[in-house]
Amino acid sequence: MQKIRTYLGIEIKYPKTAFFELSSCEGCQLQILNKEATLLNFLDLVEIVNFREVMSNRSNDYEIAFVEGSVTRADEVTQLLEIRQQAKTLVALGSCACFGGVNQLKNRFQNLEWVKKEVYGNHPIETQEVRPLSDFVTVDFSIYGCPVKKEEVEEIVTNLVLGKSIEHPRYPVCMECTANGNICLFNLGEPCLGPVTRAGCDAWCPNNRMGCWGCRGPADDANLRQLQKIMDDHNIPRQAMFDRLECFGGFTSAMKEMDR
Amino acid sequence: MRNAINCDIKIKHLTRVEGHGNIRILIKDGQVKKASWDVVETPRFFEAILVGKQWENAPVLCGRICGICSIGHTLASIRATEKAFGMVPSMQTERLRLLLKHMETLQSHILHLYFLIAPDFLGADSAIELIKTHTEEIQRAARLKLLANDGGDLVGGRRLHPIRTVVGGFTMLPDRRKLATLRQRLYAALPDLNKTADLFGSFTIPDFFRETEFVSLQANGSYPFIGGQLMSSDGVVKEEEDYLAMTNEYMVDHSTSKWSKLSRKSMAVGALARVNNNFTALHPSAREIAGQLGLQPISYNPFMNNFAQLVECVHVVQDSILLIDELLGSDWQESRQQVIPIAGHGTGAVEVPRGILYHWYQFDGDGRITKADCVIPTSQNNGNIHHDIKAMVQELADQGKTDHEIRLLAEMLVRAYDPCISCSVH
C-alpha cells in the first residue's frame, strides 16, 4: 500500500498493526470487525499485518500491537515480552488485558490447586494467577470495557495514527447516564456501579436498564464508601455490590479498603 | 506407480479460527505416522469461577465464555437457572429469546462463511484482501452481518455480551416500530442469501466422507434451538437433564479442551448435525437452498457444514420474520417475572452456531451456585476433527498429494467445523 495521505498538510503513515490475544473470549477483536457501516474505512486507517482470527499471513514487523486477554500461563508471559520488544506502541484491548477481566475471579479462591481440580479433576493442567498486561510490561494505552466499544476504538486508533494524545473521561458513567435521561436504577432497587466506574461507554448497560457492573474500572477519585452508602440507603444487598466490584478486576485495589 | 510421499507439517496456532489450535501431520513413505488436532488454548476455569456466586451473576459471567456465541451462552445460562428454580418463561419471552438467538446464528454463520471460509475457496489470504478483488461480495457480507448485529442490539441491548437478557425475561422490550423495520430488512436480505448460495454453490467442496454420529436437539414441531430432547443419528434419545449421557467428556494428553464421544469413537455437533437430524423441520425455502447446494441428509462430508450453515441462515431469517409477526400481533406483556431462588439444579441445552451447548448449575437455598458444568460444542467436535484429519490425510497421501495441498486441505477441514477453541477450553 503506497497511498499518500495528509492531515493538516502533514503526511500520515499507515502504521503496521498487529492483533494478539492471550486468555480471553476474543470478543474485543470481534468488536473490531463489528460496526460494519464504517468497517472498511476503519481497516483503511492502518496496515494490518497480523490478525490470526481473520487472516493467514503473519508478519512480526509491526509498530502498533493490540493485545486482548489476560496473562494466565508462562508461555503467555514470553509472548507478551516478545510483543513488547517489537511494538513501538502496545495497546491493552479490553478489560481482561487492562485488569484481568472475569478471568481474574479465579484468583479470589487463593487456591489454584482447588480451582484446577474443580474443572479438570486429577488431569494435570498448567495455569497461574491471572494478571493484567501491565504487571509484566509497559502498556502505552488502555482501551477499557467488556466488550470494548467500537466507537471508542475508532477514535483512539485515529488519534494514534494522527499522533494526537489520548485521554479517557475522568468522570463516572453516572454522568453519561444522567445526561441520557435514564431513570435512576437505584430508584428501581437495582444495584449499579455507575457512580464509581469510568465513563466512555455512554452508559451502555444502564441505557438498557441493567445496572453498571464496572467493566471499565474506577473513575478518577471514585468514592467507594459513598457508593456503599447509596446502596445501603436503597436496601441493596452488599453482596450484589461486591459481586459487581470484583467482576472485572478494575476495583481490586480500591476494594481492599472496604469492609466486607 | 507413484512415489510414496513424505511430509512433515506443523501448523502452530491455525489462522482464521477462534482460539488456539495446532495441526501436526507426519507422513513417511506414504504412511501417516501422525495426524493430530491439538488444542493448546489456556483454560480460564469458568466452572470454578461460578462457585459461590449468586444466580444473577451466572448469565453475566457465562456470556463471557465466548465472544462469538455470547448470546447462546447467556441463554443457556438463563435456561439452566430458570429450570433449577422451577420457572417457565412466558410465550413473549420465549419468542424474543429465539429471535435473539436467530440473530446470533445469522451473524456467526455469515462471519464464518465470508470472512473465515471464502478466502480459501477464492485463493486469498483474508477477507481484507477480498475487499479489493470481490468488493460486491464483501459488501454483501457486511450488509448481512450488520442486519444480524442490529437485530441483536435491538432485542438483547448489545450484540456481544447482551445486556437485557436476564433470569426471568428481559430488562427492557424492543421498540415495536424498530421491530417492524427489522422485519422489512430481514425480508430484503433474502436476495442477498440467494446470491450467497450462488457464490458458495460455485465452490468445489473437497470430496471426503467419514461416517460419524451426529448429535443435536430433536425437533418437536419446529427446527430446534432452545431446550427439548437430545438425539443422535445413531438412534440415541435422552432428556435434556441427562446431557452427561450424551457428552461423556474425557481428557487427552495433547489438548487442554475436553473431548466427547457417544456410540462411536467420536461424534459431531453443529449446523451439519442439526440439518442432518432435523431436515424436515427446516423452512421450505431453506430446504430448497439445501437442494440447490446438493446437501441431502444424511451427509457425512464435514465440508458440507459450510453449506449447512448457509441453509440455516435462510431458515433463521424466514423464522425471524414469523416471530416478529407473532410479537407484533399481540400487545406487550410484563417483560420480566420475579425470581425466587430455591435449592436444586437445572440444565440448559441450546443450539449455538457451532452445535449443542449445555450449562448445568446446582444452587443452595440462597440461590448461590455450589457446582457448575458447561459442555461446549467445539469440545464435542474435537475428537471428530482429529479422526477426520487422520482419515483424510491417509487418503491424500494415497493420492500422492503435495505438502502444500495436504496442508491447505487440513486447514480447510478444521475451519469447516468453525471451531470456537477458547470457548471449548473456557
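**Terms and values, checked one by one**

Modeller: We can start with a sheet in chain B: four strands lie in the order 8-7-6-9, the sheet is open and its pairing is mixed. Bear in mind that the model is predicted.

Colleague: What makes strand 8 and strand 9 of chain B the edge strands?

Modeller: Strand 8 (237-238) and strand 9 (267-268) of chain B each pair on one side only.

Colleague: How do you know that strand 6 and strand 7 of chain B pair?

Modeller: Two strands pair if at least two bridges are found between them. Strand 6 (residues 213-217) and strand 7 (residues 230-232) of chain B have three bridges, in the antiparallel sense, so by that cut-off they count as paired. One of the bridges joins Val215(B) to Ser232(B) in strand 7 of chain B.

Colleague: Which strands make up the antiparallel sheet of chain B, and in what order?

Modeller: That open sheet has three strands, ordered 1-2-3. Strand 1 (7-11) and strand 3 of chain B are at the edges, each pairing on one side only. From one strand to the next the twist averages 5 degrees.

Colleague: What lies at the turn between strand 2 and strand 3 of chain B?

Modeller: The hairpin has two residues between the strands, and Asp29(B) there takes a positive phi near 50 degrees. Lys28(B) stands opposite Gln31(B) of strand 3 of chain B.

Colleague: Why is helix 11 of chain B called largely enclosed?

Modeller: A residue is buried if 20 or more other C-beta atoms lie within 10 Å of its own. In helix 11 of chain B, 20 of the 25 residues are buried, so the helix is largely enclosed by the rest of the structure. Helix 11 (residues 304-328) of chain B reaches 36 Å from its first C-alpha to its last, close to the 36 Å expected at 1.5 Å a residue.

Colleague: Why is Val88(B) called exposed?

Modeller: The cut-off for exposed is 12 or fewer neighbours. Val88(B) has 10 C-beta neighbours inside 10 Å, so it counts as exposed. Val88(B) is in the loop between helix 3 (70-84) and helix 4 (91-121) of chain B. Its C-alpha is 9.6 Å from that of Gln337(B), a residue 249 places away along the chain.

Colleague: Is Glu76(A) buried or exposed?

Modeller: Glu76(A) has 22 other C-beta atoms within 10 Å, so it is buried; the cut-off is 20 or more. Glu76(A) belongs to helix 3 (residues 74-86) of chain A. Apart from neighbours within four places in sequence, its contacts are Leu22(A), Ser23(A), Val71(A) and Thr42(B).

Colleague: How many residues does each chain give to the contact between chain A and chain B?

Modeller: Chain A gives 44 residues and chain B gives 46. Helix 5 of chain A contributes the most to the chain A side, with four residues. By class, that side has 21 nonpolar, 13 polar and ten charged residues.

Colleague: Which domains is chain A divided into, and how far apart are their centres?

Modeller: The division is into domain 1 (5-162) and domain 2 (173-255), and their C-alpha centres lie 25 Å apart. The contact between them takes 14 residues from domain 1 and twelve residues from domain 2 of chain A. On the domain 1 side, helix 4 (residues 95-99) of chain A gives the largest share, three residues. That side has six nonpolar, five polar and three charged residues.

Note on methods
Residues are numbered from 1 along each chain as its sequence is written. Chains are lettered from A and ligands numbered from 1 in the order in which they are written. This is a predicted model: local features need pLDDT of at least 70, side-chain atom pairs count only at pLDDT 80 or more; totals for chains, interfaces and linings use all residues. Domain bounds come from an automatic or database domain assignment. Two residues are in contact if their C-beta atoms, placed from the backbone, lie within 7 Å. Ala, Val, Leu, Ile, Met, Phe, Trp, Tyr, Cys and Pro count as nonpolar, Asp, Glu, Lys and Arg as charged, and the others, Gly among them, as polar. The expected span of a helix is 1.5 Å times one less than its number of residues. Axes are lines fitted to C-alpha atoms, for helices over the stretch in contact, and angles run from 0 to 180 degrees between N-to-C directions.
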